[in-house]
Amino acid sequence: MNDLKELITIFSEIDDPKMMTKFFEELFTEAERKDFASRWGLMKDLKMGISQRKIAKARHISLCKITRGSKLLKSGNSVSGKMIEKYLKPNTP
């Protein structure tokens, strides 16, 4: 198994948020973790309809990075888009 496939398998097996947090802290630098979070945040912003220019200004990131996220969400079969929809929905009992 190659390293990326192995890592994806490990991610899918960790179901404890504390353990996943620790794993991320051990595996990724603080800057890498911030980059992951920033990418997730910009994708959520796009999904909520915030303009790319406003996102760029608020998050201090390039329009190129935002455009990539926008194209992903428009593709129709984006796993990221489906996950964002899941987490943006208000919790219902």
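Q: In which helix is the place of Arg59?
A: Arg59 has its place in helix α4, where a helix is a DSSP run of H or I with at least four residues and a strand a run of E with at least two, each numbered from the N terminus. This is a predicted model, in which local features need pLDDT of at least 70 and side-chain atom pairs count only at pLDDT 80 or more, while totals for chains, interfaces and linings use all residues. Residues are numbered from 1 along each chain as its sequence is written, and side-chain values use heavy atoms, with hydrogens and water left out.

Q: Why is Arg59 called partly exposed?
A: The relative accessible area of Arg59 is 30%, and the scheme calls a residue buried under 20%, exposed over 50% and partly exposed in between, with a 1.4 Å probe and protein chains only. Arg59 is therefore placed in the middle class.

Q: Which residues does Arg59 touch, not counting residues up to four places away in sequence?
A: Arg59 touches Ser38, Gly41, Leu42 and Asp45, contact meaning heavy atoms within 4.5 Å. With Ser38, Arg59 makes a pair 21 residues apart in sequence whose C-alpha atoms are 7.7 Å apart in space.

Q: What makes the meeting of α3 and α4 a crossing, and at what angle do their axes cross?
A: The axes of α3 (residues 30–47) and α4 (residues 52–59) come within 10 Å and cross at roughly 150°, where axes are lines fitted to C-alpha atoms, for helices over the stretch in contact, and angles run from 0 to 180 degrees between N-to-C directions. The crossing of α3 and α4 is right-handed.

Q: Which residues meet where α3 and α4 are in contact, and how do they divide by kind?
A: From α3 come Ser38, Gly41, Leu42, Asp45 and Leu46, and from α4 come Gln52, Ile55 and Arg59. The residues of this contact divide into 3 nonpolar, 3 polar and 2 charged; Ala, Val, Leu, Ile, Met, Phe, Trp, Tyr, Cys and Pro count as nonpolar, Asp, Glu, Lys and Arg as charged, and the others, Gly among them, as polar.

Q: How do you know that the span of helix α5 agrees with its number of residues?
A: Helix α5 (residues 63–74) has 12 residues, which should span 16 Å at 1.5 Å a residue, and its end C-alpha atoms are 16 Å apart, so the two values agree. The expected span is 1.5 Å times one less than the number of residues.

Q: Which residues of α5 are buried, and which are exposed?
A: The buried ones are Ile66, Gly69, Ser70 and Leu73. Because they cover an arc of only 100° around the axis, they lie on the same side of α5, the arc being that of the directions from the helix axis to the C-beta atoms. Cys64, Arg68 and Lys71 are exposed on the other side of α5, whereas the buried residues of α5 pack against α3, α4 and α6 (79–88).

Q: Why does Ser70 count as buried, and what does Ser70 touch?
A: Ser70, which lies in helix α5, has 9% relative accessibility and therefore counts as buried. Apart from residues up to four places away in sequence, Ser70 touches Leu46 and Gln52.

Q: What makes Arg39 partly exposed, and with which residues is Arg39 in contact, leaving aside its neighbours within four places in sequence?
A: Arg39, found in helix α3, has a relative accessible area of 34%, and this value makes it partly exposed. With those neighbours left aside, Arg39 is in contact with Lys65 and Arg68, and its C-alpha atom is separated by 7.9 Å from that of Gly69, 30 residues apart along the chain.

Q: Where is the place of His60, and why is His60 called exposed?
A: His60 has its place in the loop between α4 and α5, and it is called exposed because its relative accessible area is 70%. Although His60 is not a glycine, it has a positive phi of about 60°.

Note on methods: A crossing is left-handed if the near helix is turned anticlockwise from the far one by less than a right angle, and right-handed if clockwise.
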